[in-house]
Amino acid sequence: MLYLISFVLMFAGLACINIIFSYQGKHIDPQFWSTFKFHLWMLPLFLAANLSVGYGIKFGMKAVSQLGYVLVIAKCIEVLISIWMGYWFMKEIPSWKTWIGLVVIIIGVVLVKQK
């Protein structure tokens with residue numbers, strides 16, 4: 001059960017953070033004050049997202065007791081979310097190289113988890 005809670009919390013927090021930055025990259029002017037105002041409005045969402053990621057890592061540590069493994073899984077989740085954000089905001093279609101890279105990452109996670 002801790003695996004599921006950890007995964008859901010990390011996914012929700014990382015997705016929120018990536019959605020905010022993707023939205024900023026697509027729709028917010030790069031001038032300082034417009035970006036500053038946008039980030040002031042986003043502070044509550046960043047707080048919730050960071051708490052979610054932090055608790056996801058904490059519950060992941062309770063589940064597997066290896067910080068390295070939990071952080072690798074968090075980065076894998078973030079890579080998948082980044083591909084999703086690229087498709088959603090920029091209409092980027094992942095190429096075969098992207099899928100090969102994901103397979104390499106998955107193989108690496110499996111190798112790290114083995115004893």
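Cysteine 16 is partly exposed, with a relative accessible area of 22%, whereas cysteine 76 is buried at 16%; buried means under 20% relative accessible area, exposed over 50% and partly exposed in between, for a 1.4 Å probe and protein chains only. A search of the whole structure finds 0 disulfides, a disulfide being a pair of cysteine sulfur atoms within 2.5 Å. The model is predicted: local features need pLDDT of at least 70, side-chain atom pairs count only at pLDDT 80 or more, and totals for chains, interfaces and linings use all residues. Residues are numbered from 1 along each chain as its sequence is written, and side-chain values use heavy atoms, with hydrogens and water left out.

**Nonpolar cores**

- The largest nonpolar core has 14 residues, of which Met10, Leu14, Ile77 and Ile81 touch the most other members; such a core is a set of buried Ala, Val, Leu, Ile, Met, Phe, Trp, Tyr and Cys residues joined through side-chain atoms within 4.5 Å.
- H1, H2 and H3 each give two or more residues to this core, and its largest share, 8 residues, comes from H3; helices (H or I, at least four residues) are DSSP runs, numbered from the N terminus.
- A second, separate core of 6 residues includes Ile17, Met42, Phe46 and Ala49.

- Asparagine 18 lies in helix H1, residues 2-27, and is buried, with a relative accessible area of 13%.
- Neighbours within four places in sequence aside, asparagine 18 is in contact (heavy atoms within 4.5 Å) with Glu78, Ile81, Ser82 and Met85.
- Residues up to four places away in sequence not counted, glutamine 24 touches Thr35, Phe38 and His39.
- The C-alpha atoms of glutamine 24 and histidine 39 are 9.0 Å apart, and the two are 15 residues apart in sequence.

**Largest pocket**

- Residues lining the largest pocket include Tyr3, Met10, Tyr69 and Lys113.
- Helices H1, H2 (32-64) and H3 (67-90) give two or more residues to this lining, and H1 gives the most, with 4 residues.
- A pocket is an open set of points on a 1 Å grid over the protein atoms alone, where a 1.4 Å probe fits, with protein on both sides within 12 Å along at least five of seven lines; lining residues have an atom within 4 Å of a point.
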